[in-house]
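Me: I want to know what stands behind the labels in this model. Take me through them one by one.

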Amino acid sequence: MPTESFEIAAAIHFDEPAPGITRAVISTPLAEAEVYLQGAHVARWQPRGQDPVLFMSSKSLFAPGKAIRGGVPVIFPWFGARSDGKPGPAHGFARTMPWKVESTRLTSSGEVELTLVLAPDACQARFQVVVGASLTMSLEVRNLSPDPFTYEEALHSYFIVSDVHQTSVTGLTGTTLIDKTDGLQRKLQSAEPIRFTKETDQVHLNTAATCVIHDPVTGRSIHVGKTGSLSTIVWNPWSEKAASMADMGTGEWEHFVCVESGNAADNAVTLAPGGSHTLTTFISLQR
């Protein structure tokens with residue numbers, strides 16, 4: 001079904017900003033947003049009267065089969081490198097595959113609801129984004145196979161900050177974390193806020209807590225709530241790793257942090273045949 005049939009006047013339309021790349025453009029009195037069908041990738045969310053919330057790299061690729069750098073990549077069905085000995089791209093295949101539009105809707109409160117679907121052989125993934133003064137993203141996975149299905153997932157959200165050196169993240173006190181920059185050692189998060197002084201790549205386990213990103217330069221805080229998620233990933237590549245990333249602009253690492261809702265490592269999800277699970281994250285702003 002052509003995407004034109006899902007357009008809603010004065011709310012959502014579809015365009016093709018690059019060859020083979022389709023984008024949903026949302027504009028309402030509440031907010032503006034952009035969602036790419038490749039990867040079900042939310043690339044922009046900006047509530048009316050506010051500055052943009054999601055970071056996008058100036059050098060991001062927009063081409064069929066290429067991952068988009070920034071926004072909210074959908075990580076599925078594994079997190080990081082594939083661990084079952086079979087070949088596969090880092091962070092799974094969902095973020096580079098074309099998803100199909102299942103439905104669009106303008107709610108009675110003026111929010112735009114967009115639902116996309118991806119159906120590989122053994123499972124079905126459904127991604128729903130609700131765009132308004134807050135941003136809600138849900139990833140539902142259903143096992144279509146006759147066997148149990150185990151997977152990892154994350155909504156790899158990149159958030160704009162004024163200066164990563166002055167930014168902090170709260171909400172993870174007392175959690176056990178896997179430090180991917182230190183040989184996968186397991187550590188205990190102290191009561192101090194997470195601050196960024198070097199490359200940071202942490203998988204915090206067994207936590208359903210809301211996190212807050214504090215930006216003292218602007219006075220803005222970004223709240224990241226969630227359900228159906230027991231892992232929170234905190235990431236910034238810092239200068240050396242960022243310099244090795246062809247799709248990251250010079251110095252841009254200083255202006256984002258990733259706080260990701262997911263289920264990874266110990267928190268991988270196992271579905272029985274016919275079973276389903278939904279991960280949802282809620283993004284909002286406060287000053």
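Reply: On a 1 Å grid over the protein atoms alone, a cavity is a set of points where a 1.4 Å probe fits but cannot get out. A pocket is an open set with protein on both sides within 12 Å along at least five of seven lines, and lining residues have an atom within 4 Å of a point. Grid points are joined across faces, edges and corners, and a volume is the space filled by probe spheres set on the points. The model is a predicted one: local features need pLDDT of at least 70, side-chain atom pairs count only at pLDDT 80 or more, and totals for chains, interfaces and linings use all residues. Residues are numbered from 1 along each chain as its sequence is written, and side-chain values use heavy atoms, with hydrogens and water left out.

Me: How many cavities of 30 Å³ or more does the search find, and what volume has the largest cavity?

Reply: The search of the whole structure finds one. The largest cavity has a volume of about 30 Å³.

Me: Which residues line the largest cavity, and which strand gives the largest share?

Reply: The lining consists of Ala209, Cys211, Val224, Lys226, Thr232, Val259, Glu260 and Ser261. Strand 21 gives the largest share, three residues. Strand 19 (220-227) and strand 21 each supply at least two. Strands (E, at least two residues) and helices (H or I, at least four) are DSSP runs, numbered from the N terminus.

Me: How does the lining of the largest cavity divide by residue type?

Reply: Four are nonpolar, two polar and two charged. Ala, Val, Leu, Ile, Met, Phe, Trp, Tyr, Cys and Pro count as nonpolar; Asp, Glu, Lys and Arg as charged; the others, Gly among them, as polar.

Me: What about the largest pocket: what is its volume, and which residues lie nearest its centre?

Reply: Its volume is about 370 Å³. Of 19 lining residues, Arg69, His91, His156, Asp201 and Trp235 lie nearest the centre. The lining of the largest pocket has nine nonpolar, three polar and seven charged residues.

Me: And what lines the second largest pocket?

Reply: Twelve residues line the second largest pocket, with Pro77, Trp78, Arg82, Asp84 and Thr150 nearest its centre. The space in the second largest pocket is about 270 Å³.

Me: Now the rings. What makes Tyr158 and Trp235 an edge-to-face pair?

Reply: Rings of Phe, Tyr and Trp (its six-membered ring) pair if their centres lie within 6.5 Å; planes under 30 degrees apart count as stacked, over 60 as edge-to-face and the rest as tilted. The structure holds twelve aromatic pairs. Tyr158 and Trp235 are 6.0 Å apart centre to centre, with 85° between the planes, and form an edge-to-face pair. Tyr158 lies in strand 12 (residues 158-160) and Trp235 in strand 20 (residues 231-236), so the pair ties together parts 77 residues apart in sequence.

Me: Why is Tyr158 called buried?

Reply: Buried means under 20% relative accessible area, exposed over 50%, partly exposed in between (1.4 Å probe, protein chains only). Tyr158 has 2%, so Tyr158 is buried. Trp235 has 10%, so Trp235 is buried too.

Me: Why is the pair of Trp238 and Trp253 called tilted?

Reply: The ring centres of Trp238 and Trp253 are 4.6 Å apart and the planes stand at 50°, so the pair is tilted. Trp238 lies in helix 1 (residues 238-243), and Trp253 in the loop between helix 1 and strand 21 (256-263), so the pair ties together parts 15 residues apart in sequence. Trp238, at 14%, is buried. Trp253, at 11%, counts as buried.

Me: Which residues do ring pairs link into a cluster?

Reply: Phe76, Trp78, Phe93, Phe149 and Tyr151.

Me: How do you know that Asp247 and Arg69 form a salt bridge?

Reply: A salt bridge is a side-chain nitrogen of Lys or Arg within 4 Å of a carboxyl oxygen of Asp or Glu. The closest N and O atoms of Asp247 and Arg69 are 3.2 Å apart, and the two form a salt bridge. Asp247 sits in the loop between helix 1 and strand 21, and Arg69 in the loop between strand 4 (41-47) and strand 5 (74-75), 178 residues apart. Both are buried. The count by this rule is 13 salt bridges.

Me: What makes Lys187 partly exposed?

Reply: Lys187 has a relative accessible area of 30%, so Lys187 is partly exposed. Its salt-bridge partner Asp179, with closest N and O atoms 2.8 Å apart, is buried at 6%.
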